[in-house]
Amino acid sequence: MTKKLLVANWKMNKGVVQSQQYAEDLRLYVEKTRLSHCEIVICPPFTSLEAVQRKINGSAISLGAQNVFYESSGAYTGEISTGMLKSCGCEYVITGHSERRSHFNETNLIINKKLMAVIDEGLKPILCIGETLQEHEDKITEAVIEEQLHICLAHIDEEAVKNIVIAYEPVWAIGTGKNATPHQIENTHNFIRKKIKKMFNEEISRSLRIIYGGSITPENSRDLLSPETVNGGLVGGSSLEIDSFIKIIESVKLNK
Ligand code: PEP
């Protein structure tokens with residue numbers, strides 16, 4: 001059984017001092033409890049990446065970024081490249097988060113370019129996919145996900161795809177307090193595995209890490225993350241307070 005992966009997405013929250021304090025406290029918790037039952041990734045804003053890395057360096061906690069640009073350098077004011085993220089100690093990069101898609105017009109084609117750049121740099125993409133509320137109500141979730149997978153994973157070979165984490169994040173469940181049910185999550189994860197098998201092969205479809213995101217809380221995390229096909233969770237709001245994130249980490253332990 002693979003370890004569950006828990007990713008904390010702080011979004012646009014926390015300055016450097018707050019980020020450092022959180023990272024220090026989380027490291028203390030991880031070392032005191034000799035945490036080994038799950039893998040933890042924290043994704044602070046760009047401005048805190050280096051400071052957080054200094055605090056978690058050498059620990060069991062990994063660093064992730066929330067976004068990246070696909071060009072490696074040049075006249076792209078305000079953008080950050082994969083090489084810059086690597087130089088800060090990042091191991092993971094969230095790509096295609098629904099907030100990037102909706103607020104910054106990121107399309108599946110753009111996300112594909114970002115994904116390829118992340119892989120070329122030797123970093124691990126966390127590819128977010130999922131349907132909007134309208135698509136959910138129109139019962140076209142599977143068609144939407146199929147299209148997202150086909151476009152976002154175009155030109156990615158079998159070796160590279162093994163390093164990708166897919167985060168199934170129904171858009172209607174992100175930051176709304178309305179989570180998908182364990183049954184809905186399991187069905188969609190199984191659908192994603194079926195498509196991955198068709199696009200790549202059976203071994204990859206079985207081993208690929210697929211996590212769930214959308215209003216995970218300490219109260220529902222055990223239920224939502226327990227199915228075998230769910231390899232972990234992407235946690236937004238409930239990862240901001242360290243006590244709440246630790247409760248989620250503990251709840252995953254109980255699943256063992
Ligand atoms: C997210 O940011 O990807 C997310 C799932 O947020 P929340 O947990 O707040 O719904």
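Which helix gives the largest share of the lining of the largest pocket? Helix α4 (residues 98-103) does, with 3 residues.

## The model

This is a predicted model, in which local features need pLDDT of at least 70 and side-chain atom pairs count only at pLDDT 80 or more, while totals for chains, interfaces and linings use all residues. Residues are numbered from 1 along each chain as its sequence is written, and side-chain values use heavy atoms, with hydrogens and water left out.

## The barrel

Eight strands, β1-β2-β3-β4-β5-β6-β7-β8, form a closed barrel with parallel pairing. From one strand to the next the twist averages 25 degrees. Strands (E, at least two residues) and helices (H or I, at least four) are DSSP runs, numbered from the N terminus. Two strands pair if DSSP finds at least two bridges between them. Strands β5 (residues 124-129) and β6 (residues 165-168) pair in the parallel sense over 4 bridges. I126 has V165 in β6 as its bridge partner.

## The pocket

The largest pocket holds about 480 Å³ of space. A pocket is an open set of points on a 1 Å grid over the protein atoms alone, where a 1.4 Å probe fits, with protein on both sides within 12 Å along at least five of seven lines; lining residues have an atom within 4 Å of a point. The volume is the space filled by probe spheres set on the points, which are joined across faces, edges and corners. Of the 19 lining residues, M12, Q66, N67, R100 and F104 are the closest to the centre of the largest pocket.

## Residue S238

S238 is in the loop between β8 (232-235) and α12 (242-253). S238 counts as buried because its relative accessibility is 15%, and buried means under 20% relative accessible area (1.4 Å probe, protein chains only).

Methods: Buried means under 20% relative accessible area, exposed over 50%, partly exposed in between (1.4 Å probe, protein chains only). Axes are lines fitted to C-alpha atoms, for helices over the stretch in contact, and angles run from 0 to 180 degrees between N-to-C directions.
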